[in-house]
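The model is shown first, and the remarks follow.

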Amino acid sequence: MRRVLFSLLATTVLASPSLLAAPHQVKIDADLTQQGPVINKDIYGQFAEHLGHGIYEGIWVGEDSGIPNTNGFRNDVIAALKDLQVPLIRWPGGCFADEYHWREGIGPKDQRPVKVNTHWGGVEETNAFGTHEFFQLTEMLGADAYINGNLGSGTVQEMAEWLEYMTSDKNSTLANERRANGREAPYKIAYFGIGNESWGCGGHMRPEYYTDLYRQYATFLKAPRGLRPKFVASGGQQDQTEWTEVLSTNIKRDMAGISHHYYTLPKGDWQNKGDALGFPKAEWLSTMVRTYKMDAFIQANVAVLDKNDPKGKLGFYLDEWGTWYDPEPGREPGFLYQQNSLRDAVVAAVNFNIFHHYAQRVQMTNIAQMVNVLQAMILTDKEKMLLTPTYHVYHMYKVFQDATSIPFNISTDNYGEGDEQVPAVTASLAKGKDGKLYLALVNLDPDEAASISLSLKGFKVSALSGQILTAEQMDSHNTFAKPNQLKPKAFNAKLSALRLPAKAIVVAELK
Ligand code: AHR
């Protein structure tokens with residue numbers, strides 16, 4: 001095993017080989033009077049696409065449903081999401097966004113056209129959930145809106161008119177149409193994406209071609225003063241930096257940030273991704289290794305931004321990330337429904353710690369997706385609902401929303417062997433909006449505990465109190481029959497005797 005030293009703000013990594021006995025030895029030192037960047041609450045953003053049961057059945061069942069609902073929205077799902085303090089929701093896609101025509105989703109529901117969702121399962125899209133329903137959702141949850149416009153199969157005029165319809169405060173025909181459809185005040189849009197995955201389902205474009213289209217589209221996207229969203233350019237994926245390079249070099253206005261996508265596939269193969277449950281230990285390790293690549297991918301893209309945007313105006317948004325497994329036998333593969341285990345919770349927490357590390361540029365992310373799709377917070381089956389381990393980890397990390405990060409050094413053993421090694425433990429340290437100090441610790445190793453030694457200056461700390469999420473089984477998960485099998489438990493420890501169990505996540509207040 002190796003010992004590595006990580007620094008939150010300086011990204012220096014020192015490595016020196018040495019053999020160590022279990023448990024992992026981890027040292028964290030920090031001066032608690034120091035401040036790093038604010039961890040934007042939008043890092044905890046969600047994504048709801050017209051895909052499988054992500055919206056229909058998962059969130060929206062319609063007013064006539066036997067499932068208890070308010071104006072068509074499931075009461076159980078809405079209550080759980082409210083408790084999660086969702087800051088932001090991206091909609092309507094994804095790939096779906098580039099075939100979505102907003103006019104089809106407004107006005108009387110029985111007059112809305114029924115289309116075919118060609119990307120996801122070829123099912124009927126009734127358009128019953130449209131612009132007004134989306135904003136009802138965000139307003140019920142107190143979340144901000146991230147709308148993704150259709151660049152792939154739409155037009156400049158269509159996108160510009162959608163923005164006017166949503167945001168205009170004038171007596172224009174479009175604004176009055178919105179009023180006639182029941183909404184007097186303009187809607188507030190936090191982010192507006194111009195296209196999605198333009199290198200793939202969004203049009204198979206080259207970055208240079210997309211850049212020119214972006215400049216053209218952005219020119220005509222108008223909104224009243226104070227209601228202008230942050231415009232998001234659709235960037236690259238995985239280890240790519242080319243899109244960030246071309247976009248940040250050639251787009252000089254109307255771009256708040258560049259989006260990037262990275263999914264964790266346990267086996268790294270789109271044809272053979274790996275199973276959500278019942279996986280071998282080797283796939284726990286390969287999942288952690290592939291998750292941790294996020295750090296290098298962000299680092300490489302941030303280096304490009306630091307070169308082309310030295311004033312730090314542009315954000316780097318991971319607006320799709322999470323685990324992606326093989327479909328469960330017997331389910332429609334195009335619905336991307338998958339179970340969610342302790343492994344997913346560890347993946348989410350590792351990503352949060354990475355995002356916090358790069359909080360200066362990583363100001364917004366959206367996990368894919370909120371309900372019933374990929375690494376979901378919530379799974380539903382008709383009237384039943386369960387909270388996944390990923391939900392619980394989002395809940396535990398709520399204290400980091402808009403917290404001020406505190407720089408720290410961490411020295412930790414590695415977990416894994418040969419080419420497949422990651423830090424055994426990753427962490428976050430921050431001062432919450434409530435003024436309290438919070439520490440998050442994640443043990444990526446499924447077998448070995450970690451002994452944590454904390455050296456904290458500038459503040460008298462003697463104990464930790466918070467929550468822990470862990471289990472005996474790597475694929476421990478909740479089912480509709482046993483929805484509370486895996487959930488956080490209370491965690492209290494003395495600073496002098498801090499031990500992190502194997503495959504565990506702790507979020508605790510320093511006292
Ligand atoms: O999240 C599922 C899909 O993954 C999205 O629609 C697309 O953008 C990505 O390829």
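Does C201 count as buried, partly exposed or exposed?

1. C201 counts as partly exposed, at 25% relative accessibility. The scale used here calls a residue buried under 20% relative accessible area, exposed over 50%, and partly exposed in between (1.4 Å probe, protein chains only). On that scale C95 is buried, with a relative accessible area of 11%.

2. The model is predicted, so local features need pLDDT of at least 70 and side-chain atom pairs count only at pLDDT 80 or more, whereas totals for chains, interfaces and linings use all residues. Residues are numbered from 1 along each chain as its sequence is written, and side-chain values use heavy atoms, with hydrogens and water left out.

3. One disulfide is present in the structure; the term denotes a pair of cysteine sulfur atoms within 2.5 Å. The partners are C95 and C201, whose sulfur atoms are 2.2 Å apart. The torsion about their S-S bond is about -90°, so the disulfide is left-handed. C95 belongs to the loop between β7 (88–91) and β8 (115–117), and C201 to the loop between β11 (191–194) and α5 (207–220), so the pair ties together parts that are 106 residues apart in sequence. Helices (H or I, at least four residues) and strands (E, at least two) are DSSP runs, numbered from the N terminus.

4. The ligand has 15 residues around it, of which E49, C95, E197, Y263 and E320 come nearest; a residue qualifies if one of its heavy atoms lies within 4 Å.

5. Which distances separate ligand oxygen atoms from N or O atoms in the side chains of E49 and Y263? For E49 the distance is 2.7 Å, and for Y263 it is 2.8 Å. The protein covers 94% of the 280 Å² of accessible area that the ligand has on its own, by the Shrake-Rupley method with a 1.4 Å probe.

6. Two further residues may be noted. Y210, found in helix α5, counts as buried at 0% relative accessibility; its C-alpha atom is separated by 22 Å from that of N366, 156 residues apart along the chain. V506, in strand β27 (residues 504–510), is buried with a relative accessible area of 0%. The C-alpha atoms of V506 and G466, 40 residues apart along the chain, are separated by 7.3 Å.

Notes. Polar contact = N/O pair within 3.5 Å; in protein donor to acceptor, adjacent residues only side chain to side chain.
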